[in-house]
Amino acid sequence: MTAGKPIIAAVSEEWERRCRRCGRCCFEKIDYQGEIYYTQTPCNRLDPTTRLCTVYGQRHRLRPDCVPLTPQIIAAGILPADCPYVQGLGGYRPPHLFPPDEELP
Ligand code: SF4
């Protein structure tokens, strides 16, 4: 932890650093009968080249359905299995691909 930095800010930075900016969680998802499926449709705020959000600092205001990655949301199964946020989570069930057998974009 950095000396002099407020603890909340330090924890928040460490949390944000886990993201490797692959953008895969920025594809629309469908909840079908309690199971989460990824679609091939990216969020309209995702830059397809950089794979970065174009409105990151304002994403929750501009896209109210873009939810903060809290531990509760993560456990709900919206992140791909190899995302660093879900590594080591026992019993984690990642989303299904849609259509089945497709590679994640
Ligand atoms: S899938 Fe995980 S690593 Fe990739 S952008 Fe989303 S949160 Fe970050």
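Reply: Gladly; what follows takes the labels in turn, for what is a predicted model.

Me: Let's begin with the fold. How many helices and strands are there, and in what order do they run?

Reply: The protein chain has three helices and three strands. Starting from the N terminus, the order is α-β-β-α-α-β. Of its 105 residues, 22% count as buried.

Me: Why is Thr39 called buried?

Reply: Buried means under 20% relative accessible area. Thr39 has 12%, so the label buried applies. Thr39 belongs to strand β2, which covers residues 35–42. Its side chain also reaches the backbone nitrogen of Thr41, at 3.1 Å.

Me: What makes the pair Glu14 and Arg18 a salt bridge?

Reply: The rule asks for a side-chain nitrogen of Lys or Arg within 4 Å of a carboxyl oxygen of Asp or Glu. For Glu14 and Arg18 the N to O distance is 3.8 Å, so the pair meets the rule. Both partners are partly exposed, a label for values between 20% and 50%: Glu14 has 38% and Arg18 has 33%.

Me: How do you know that Glu28 and Arg63 form a salt bridge?

Reply: Their closest N and O atoms are 3.3 Å apart, and the limit is 4 Å, so this pair counts too. Glu28 lies in strand β1 (residues 27–32) and Arg63 in the loop between α2 (59–62) and α3 (71–75), so the pair links parts of the chain 35 residues apart.

Me: Which of these two partners is buried, and which is partly exposed?

Reply: Arg63 is the buried one, because its relative accessible area of 17% is under 20%. Glu28, at 28%, is partly exposed.

Me: How many salt bridges does the rule give, and which residues are linked in a network?

Reply: The count comes to six salt bridges. The network links Arg20, Arg24 and Asp82.

Me: What makes the backbone of Arg21 and Gln33 worth a label?

Reply: In each case it is a positive phi in a residue other than glycine: phi is near 60° for Arg21 and near 55° for Gln33. Arg21 lies in the loop between α1 (7–17) and β1, and Gln33 in the loop between β1 and β2. At 40%, Arg21 is partly exposed. Gln33 has 68%, which is over 50%, so Gln33 is exposed.

Me: Last, the ligand. Where does it sit, and which residues are around it?

Reply: The ligand sits in the largest pocket. Around the ligand are Cys19, Arg20, Cys22, Gly23, Cys25, Leu69, Pro80, Cys83, Pro84 and Tyr85. Each of them has a heavy atom within 4 Å of the ligand, which is why they are listed.

Me: How does that shell divide by class?

Reply: The shell has eight nonpolar residues, one polar and one charged.

Methods: Residues numbered from 1 in each chain as written. Predicted model: local features only at pLDDT ≥ 70, side-chain atom pairs only at ≥ 80, totals over all residues. Heavy atoms only, no water. 1 Å grid on protein atoms, 1.4 Å probe; cavity = no way out; pocket = protein on both sides within 12 Å on 5 of 7 lines; lining within 4 Å. Sits in = over half its atoms within 2 Å of the grid points. Nonpolar A, V, L, I, M, F, W, Y, C, P; charged D, E, K, R; others polar. Helix = DSSP H or I, 4+ residues; strand = E, 2+ residues; numbered from the N terminus. Buried < 20%, exposed > 50% of the residue type's maximum accessible area, 1.4 Å probe, protein only. Polar contact = N/O pair within 3.5 Å; in protein donor to acceptor, adjacent residues only side chain to side chain.
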